[in-house]
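Trainee: I would like to learn how to read the packing of side chains in a model such as this one. Could you take me through it one feature at a time?

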Amino acid sequence: EKLKKKTLKRKAINIVDNKMVAGWVKRKVKNSDKWVRRWLEISKYVLYSYQACPAEVPQARVMNTLDLRKTKEIKLQPDESMPGLFVIVPETSDDSHPGYVMRAENDAMAQVWVQGLRKAREDELAALAVTRNHFSGGNNGTGRTKESTCCMCCGAPTKKAESSALIPQSA
């Protein structure tokens, strides 16, 4: 048990099944030169931020969450004076968010973070596209059009579609 905890403390990033899932970074505090250390974890398409590693401190609480599907970009931010920078820019209605500036141990670790975050986002967006394509074929396997169904999940007819099916159409 102690060995496992020491290993977690030393490890900057955890990779499972070729997917980066958790690790330590520093996050720049908005409108300040201050940096705070945060444990980040990816679960499906959500990035969780903690003050402490939950595996080491079971009572660690989530500080922030970010839906990676709703990010505009995730990119490296090269800076010779401060290696390891990357930024996560969320989508906003006016595209004015400057993004969350993060700092990994070094440029190589920043690249791993960017690739892992992008992969989590892209995997989820690809899964959503498959789901949307499945239901956008016009009749979702029911023989009914999208317009005549209450939702694309069950294909149940809407009240309007049911009643119009009973009224003969004039030629």
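Mentor: Let us begin with a single side chain, keeping in mind that the model is predicted. Phe-86 has a relative accessibility of 0%, and because buried means under 20%, Phe-86 counts as buried.

Trainee: Which residue forms an aromatic pair with Phe-86, and how should I read the geometry of that pair?

Mentor: The general idea is that a pair of aromatic rings is described by the distance of the centres and the angle of the planes. In this structure the count comes to two aromatic pairs. In one of them, Phe-86 and Trp-113 are stacked, with 6.3 Å from centre to centre and 10° between the planes. Phe-86 belongs to strand S7 and Trp-113 to helix H2, so this pair ties together parts that are 27 residues apart in sequence. Trp-113 is buried as well, its relative accessible area being 0%.

Trainee: What is the geometry of the pair formed by Trp-24 and Trp-39?

Mentor: The ring centres of Trp-24 and Trp-39 are 5.2 Å apart and the planes stand at 75°, so this pair is edge-to-face. Since Trp-24 lies in strand S2 and Trp-39 in strand S3, the pair ties together parts that are 15 residues apart in sequence. Trp-24 is buried at a relative accessible area of 11%, and Trp-39 is buried at 1%. Trp-24 also has a charged neighbour, for Arg-37 lies over the face of its ring, at 3.6 Å from the ring centre. Elsewhere, Arg-103 lies over the face of Trp-35, at 4.6 Å from the ring centre.

Trainee: How many residues make up the largest nonpolar core, and which of them touch the most other members?

Mentor: As a general idea, nonpolar side chains in soluble globular proteins tend to be buried together. Here the largest nonpolar core has 17 residues, of which Leu-47, Leu-68, Phe-86, Ile-88, Trp-113 and Leu-117 touch the most other members. Strand S3, strand S7 and helix H2 each supply at least two residues of this core, and H2 gives the most, with six residues. Another core, of six residues, lies apart from it, and includes Ala-22, Trp-24, Trp-39 and Ala-60.

Trainee: Which residues line the largest pocket?

Mentor: The largest pocket holds about 250 Å³ of space, and its lining includes Arg-27, Lys-28, His-97 and Tyr-100. Strand S2 and strand S8 each contribute at least two residues to that lining, which by class has four nonpolar, three polar and three charged residues.

Technical notes:
Residues numbered from 1 in each chain as written. Predicted model: local features only at pLDDT ≥ 70, side-chain atom pairs only at ≥ 80, totals over all residues. Heavy atoms only, no water. 1 Å grid on protein atoms, 1.4 Å probe; cavity = no way out; pocket = protein on both sides within 12 Å on 5 of 7 lines; lining within 4 Å. Points joined across faces, edges and corners; volume = space filled by probe spheres on them. Helix = DSSP H or I, 4+ residues; strand = E, 2+ residues; numbered from the N terminus. Nonpolar A, V, L, I, M, F, W, Y, C, P; charged D, E, K, R; others polar. Core = buried A, V, L, I, M, F, W, Y, C linked by side-chain atoms within 4.5 Å. Buried < 20%, exposed > 50% of the residue type's maximum accessible area, 1.4 Å probe, protein only. Phe/Tyr/Trp six-rings, centres within 6.5 Å; stacked < 30°, edge-to-face > 60°. Lys NZ or Arg CZ within 6 Å of the ring centre and 35° of its normal.
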